[in-house]
Amino acid sequence: MKSGSVDDLIRNPVGFLRPDTPEGIAISSRIRLARNLAGHLFPCAMQETDRAFLRDTVEHAFSAARWRGKGRWVVFHPDEMNQVDRDVLVERHMASRELMSESKGAGLMVRVDEGASIMVNEEDHLRIQTIRPGFCLGTLWEETNELDDRLSMQMEYAYDERTGYVTSCPTNIGTGLRVSVMLHLPGLALSNLIASTIQGIGKLGLAVRGLYGEGSDNIGNLFQVSNQSTLGESEGQIVRRVSDVISQVIAYERNARATLLANDKPSLYDFVGRAYGTLRHCHRIGCNEALKCLSAVRLGVDMDMFDNVDMTKVNELFVAINPAHLQKSAHCELPSSERDVRRATLCRECFSERSK
Amino acid sequence: MLCDRCKKNEATIHIEKIHNGKRIRTNLCTECAKEQEAGGALAALGFNIAEVLFNKMQQAAGKQPVRQENTHRGPECPRCHWTFDKITKHNGRLGCPECYRTFDNVITDTLSKVQRGVFHAGKRPVDHERTMSTVAFERERLRLELEAHVSREEYEEAAVCRDRIAQLDRELESMKSDGAGAEE
Ligand SMILES: [Zn+2]
Ligand SMILES: [Zn+2]
């Protein structure tokens, strides 16, 4: 399999943010399967050399699988990459931060359209992931399922008839399935309904996390909603249960936005307008502030408040303003203060072009 | 130490969250933890359920739930030599599939708190195609593994590989006489 180049990836728009997401509230859908190979210790208990060996085995088996035109794949070895390149893959949601930091013997395979990737030797031997713009868990599951089937013909998974796919952490055992949707919920946040919504989602047995997964804040009112339980239900049941809740949350958010528009239009426009002003005129801006402002502008775009701002552009900025992407486009490492200046320039340029 | 939430009961569950490099610790009594988890509130706050689980496991092993480098008690996995201590140190991760049997009591008990069922109800792997080439591939893999074990002077593990290779050789022989590609 061809070795991947981060420079090649970065030339394309980020896969999961590709144009015209039909649903403004659900930004992207993601599915992840945890799999381990039979006859091996889990990665955290393996020696470095064994991990590197298992990585070779997986790459070998992967090349042997017949993919029949399902896109081109490239391979990365984090232990042979520099820090900025590794961070770029995390910022593009192709790999977890953990894979990129515990990198000895870790591997990553990425489909070049960035709709699918496989992490090797992260928490489990394999983490098969797919991601797509919008709210589409059903079709995404079909795609993931097929990828998993093809892989399982090439290598023997650790599987137990009673407990299903065996995983390093008991919280993933059974299906090894985590389905999640990233939601943009500024309407609920502005209406002070977000805490009760999160609580409600929790009562239905789902988890709510921030933009970059476990332990991260919900900067910019971006929330990831996912299933907690992986054992006792089929994959289809899990997908349906999460989808039902997501549809409900989307309806709440839409309702909150309509209520705000009807009851307090000036506050809503003020919130969006100030954020737009900041991005349009800033000369130094931190990552979190930029995310907050982008989130507000995104709300405005979604509610047709602008006729000169393009949703695709806003979506792309969500990734482009991150530290590694800024440094990649500058072709050098930058201290944080430099990055703030570059980030501001990027935002100003994007919003001053006045292109539709 | 009293529970952070009700400020009445003794705190038995200690959750550590690392945020921007800072450690934030929450101490809860069993009741409050159960209530919070029922509402999914811990997860909503970004807490790792696995940590909650394995703090409970430590209690079951008769230890202080707080992370402490103590002499280890409780069972040790015969395959990967994992102990409760190691599981806790690795945020609730087990060392190998055999660990599920070794730590069975506590895992089954705690799983029921996170999982909606106890039996797998999902898909199963597509039959691993066992042909001469896949057997030969596995044999080659084991041969390299064997060499690695010998070079590290891990003779027990090496012996396991050697036995498995002999088994595969017999399998290859019978496949040849059967006319290749037969199922296991
Ligand atoms: Zn309490
Ligand atoms: Zn073990």
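Is strand β6 (residues 126-133) of chain A mostly covered or mostly uncovered, and how many of its eight residues are buried?

Analyst: The model is a predicted one, and what follows should be read with that in mind. Strand β6 of chain A is mostly covered, with six of its eight residues buried.

The sheet gives the strand its setting. Nine strands of chain A form an open sheet of mixed pairing, in the order β1-β3-β4-β5-β6-β2-β9-β11-β10. The edges are taken by β1 (2-3) and β10 (206-209) of chain A, each of which has a single partner strand, so one side of each is left without a neighbour in the sheet. Strand β6(A), by contrast, is listed between β5 and β2 in that order. With strand β2 (residues 26-35) of chain A it runs antiparallel, joined by eight bridges, and within β6(A) the residue that stands opposite A:Arg32 is A:Gln129. With strand β5 (residues 116-120) of chain A the pairing is again in the antiparallel sense, over five bridges, and here A:Thr130 of β6(A) has A:Ala116 opposite. Further along the sheet, strand β9 (residues 177-184) and strand β11 (residues 222-227) of chain A also pair in the antiparallel sense over five bridges, A:Met182 having A:Gln224 of β11(A) as its bridge partner.

The hairpin of β5(A) and β6(A) leads from the sheet to the other chain. Five residues lie between its two strands, and A:Asn121 takes a positive phi near 65 degrees there. A:Glu123 forms a salt bridge with B:Arg93, with the closest N and O atoms 3.0 Å apart. B:Arg93 lies in the loop between α4 (84-89) and α5 (99-102) of chain B, and A:Glu123 in the loop between β5 and β6 of chain A, so the pair joins two chains. Both partners fall under the 20% limit for burial: B:Arg93 counts as buried at 15% relative accessibility, and A:Glu123 does so at 12%. The pair also belongs to a network of salt bridges that links A:Glu98, A:Glu122, A:Glu123, A:Asp124, A:Arg127 and B:Arg93.

A second cross-chain pair can be set beside this one. B:Arg116 forms a salt bridge with A:Glu233, the closest N and O atoms being 3.7 Å apart; because B:Arg116 lies in the loop between α6 and α7 of chain B and A:Glu233 in the loop between β11 and α8 (235-263) of chain A, this pair too joins two chains. Here B:Arg116 counts as partly exposed, at 47% relative accessibility, whereas A:Glu233 counts as buried, at 10%.

B:Arg93, B:His120 and B:Lys123 supply 16% of the area that chain B buries against chain A, more than any other three residues. Six salt bridges are counted between chain B and chain A, along with 24 residue pairs in polar contact, both residues being at pLDDT 80 or more.

Key: Residues are numbered from 1 along each chain as its sequence is written. Chains are lettered from A and ligands numbered from 1 in the order in which they are written. This is a predicted model: local features need pLDDT of at least 70, side-chain atom pairs count only at pLDDT 80 or more; totals for chains, interfaces and linings use all residues. Side-chain values use heavy atoms; hydrogens and water are left out. Buried means under 20% relative accessible area, exposed over 50%, partly exposed in between (1.4 Å probe, protein chains only). Helices (H or I, at least four residues) and strands (E, at least two) are DSSP runs, numbered from the N terminus. Two strands pair if DSSP finds at least two bridges between them. Buried area is the accessible area (1.4 Å probe) that two parts lose on being put together, summed over both. A salt bridge is a side-chain nitrogen of Lys or Arg within 4 Å of a carboxyl oxygen of Asp or Glu. A polar contact is a pair of N or O atoms within 3.5 Å; within protein, one must be able to donate a hydrogen and the other to accept it, and residues adjacent in sequence count only if both atoms are side-chain atoms.
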